[in-house]
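This report looks at how two chains of a model meet. Please have the structure open while reading.

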Amino acid sequence: MEGDIAQLGQFIGAGLAAIGSGTAAIGVGHVAGNFLAGALRNPSGAASQTATLFIGIAFAEALGIFSFLVALLLMFAV
Amino acid sequence: MATEAHGAEQGGGLSFHPMDQFIVKPLFGDGPIAWYTPTNVTLWMALTILAVIALLVLSTSRRAIVPSRGQSIAEMAYGFVYKMVEDVTGKDGIKYFPYIMTLFMFIVCANFLGLLPASFTTTSHIAVTAVMGFGVFFAVTILGFIKNGTKFLGLFWVSSAPLALRPVLAIIELISYFVRPVSHSIRLAGNMMAGHAVLKVFAGFAQVTAIAPIAVLGVTAIYGLEVLVAFIQAYVFTILTCVYLRDALHPAH
Amino acid sequence: MATETQEAVGEGLADATGVAAHQAGEAAGMPQLDLSTFPNQIFWLVVSLIVIYLVLSRVALPRIGAILAERAGTITNDIAAAEDLKARAADAEAAYDKALADARSEAQRIAGEARADIQADLDAAIAQADADIAERTAESEKAIAEIRAGALEAVNTVARDTASELVAALGGTPDADAIGAAVDTRIKG
């Protein structure tokens with residue numbers, strides 16, 4: 001397990017960046033949960049809004065993917 | 001050299017190579033990869049084309065009124081994308097339906113082919129998704145200016161906001177507009193890459209006998225999730241393309 | 001980085017990536033960021049997309065659209081045909097009901113006629129029988145009356161003969177007229 005301090009920093013940074021994926025998961029859950037709450041209040045309007053749901057999930061997830069990408073870049077590319 | 005490195009690592013315990021599956025290599029022999037070299041990218045894209053042809057052309061060759069199973073799938077895909085374009089973009093978006101269908105069929109077939117064991121996932125490469133993402137971005141932007149002229153810039157000028165806020169909002173809108181192709185392409189590539197890398201990591205854990213059953217169960221579960229993600233990401237890519245197209249055709253907020 | 005990966009590619013692709021290469025001290029990095037493979041991927045991607053677009057726009061989409069339109073037309077036609085058949089079935093049912101009602105009324109009429117005929121026959125027979133009976137009764141009464149008249153005549157004759165014999169036996173001369181008058185009064189009385 002020998003290595004230099006830069007590698008240490010890379011791996012710690014990658015681990016920190018991975019936290020971002022978890023927060024994105026919170027965001028996605030928030031979107032889906034609020035959609036479900038709204039859908040149960042007004043089931044007739046739910047079917048027409050599934051496209052919006054997926055767009056919202058996609059936007060929330062994209063930011064998590066960015067942090068995942070940062071982690072990967074730190075791990076492999078820097 | 002490679003064997004040395006791998007051997008040294010195996011001596012130290014587990015060997016994970018989660019990113020090895022994404023290496024682009026020539027199909028025949030070694031050597032530098034020129035732009036025309038047939039590589040595993042070529043192979044799996046050709047298989048994607050074959051899958052699209054098998055799904056949409058061969059299955060419908062009988063033109064049956066009462067559809068067979070394959071023809072049902074083709075009709076379902078057609079109806080799914082057609083309805084998406086119509087719902088999101090509106091009636092005047094229908095003439096761009098073949099382009100959107102092309103994107104959808106390519107992505108969905110490439111994603112599912114990438115889930116085969118020992119396969120190569122073309123859509124996990126940023127080069128591939130960025131070409132599609134930026135292609136959509138430029139096509140939509142040029143189309144917006146052709147259709148609407150300078151009124152297309154109204155997309156960034158939120159007329160419903162208070163006047164003092166509008167310049168700030170315009171800058172935010174402008175930034176978010178130019179981030180679109182980046183997020184559009186990285187979302188797809190990142191999802192594919194992350195899923196496959198996680199599968200590979202779980203498979204790496206299976207080398208340890210003690211946790212092998214859990215690792216195999218994990219691989220199974222993640223694989224199921226990936227099947228879902230493969231479709232959802234194709235859907236999301238397509239529907240976002242439709243949304244961008246709607247913004248280009250009807251820029252008013 | 002690009003030059004390094006270029007070298008790595010030159011040396012053999014297997015070690016161009018991954019943790020192994022990383023730990024071996026090479027900054028090979030992710031295969032996704034290997035810029036030397038980008039032209040290759042982009043070229044083949046564009047080729048694939050063009051091929052798929054041509055296949056879809058020339059063959060697949062028009063065909064599927066035609067199939068769906070044809071099916072929609074067939075379904076519309078079938079529904080129209082089904083409605084036509086349904087109307088015809090309703091007509092046939094109405095005709096059947098009407099025929100049934102006609103047949104029933106006809107049957108009732110025939111039954112009524114038959115009943116009326118039988119009644120008429122019966123009435124005629126009864127009348128005939130009544131007439132016969134009346135005739136016979138009349139004949140019988142007539143016969144009885146004749147017999148009774150014959151009997152009265154016989155009684156009259158016997159009474160006169162007896163009276164004249166009695167008168168003769170008593171020594172008198174029987175006066176036929178007186179005896180006849182006496183007998184008549186007695187018989188009538």
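Which residue of chain B forms a salt bridge with Arg71(C)? The partner is Glu75(B), and the closest N and O atoms of the pair are 2.8 Å apart. The model is predicted.

## Polar and charged links

The rule finds 1 salt bridge across the interface of chain B and chain C. Polar contacts between these chains amount to 12 residue pairs, with both residues at pLDDT 80 or more.

## The chain B side

Five helices of chain B each give two or more residues to the side that touches chain C: α1 (2–11), α2 (40–58), α3 (69–89), α4 (97–114) and α5 (126–148). Of these, α2(B) gives the most, with 8 residues. Sorted by class, this side of chain B has 39 nonpolar, 12 polar and 5 charged residues.

## Extent of the interface

The size of an interface is often given as the accessible area lost when the parts come together. Between chain B and chain C, the buried area is about 4,500 Å². Carbon and sulfur atoms give 75% of that area. Trp35(B), Ile65(B) and Tyr78(B) supply 13% of what chain B buries against chain C, more than any other three residues.

Counted by residues, the contact takes 56 from chain B and 45 from chain C.

## A recorded region in chain C

An unreviewed UniProt entry lists residues 42–61 of chain C as "transmembrane region". In the model this span is 100% helix and 0% strand. The C-alpha atoms at the ends of residues 42–61 of chain C lie 26 Å apart.

How values were computed: Residues numbered from 1 in each chain as written. Chains lettered and ligands numbered in written order. Predicted model: local features only at pLDDT ≥ 70, side-chain atom pairs only at ≥ 80, totals over all residues. Heavy atoms only, no water. UniProt positions renumbered as here; feature names shortened; annotations may be inferred. Helix = DSSP H or I, 4+ residues; strand = E, 2+ residues; numbered from the N terminus. Contact = heavy atoms within 4.5 Å. Buried area = accessible area lost by both parts, 1.4 Å probe. Salt bridge = Lys/Arg side-chain N within 4 Å of Asp/Glu carboxyl O. Polar contact = N/O pair within 3.5 Å; in protein donor to acceptor, adjacent residues only side chain to side chain. Nonpolar A, V, L, I, M, F, W, Y, C, P; charged D, E, K, R; others polar.
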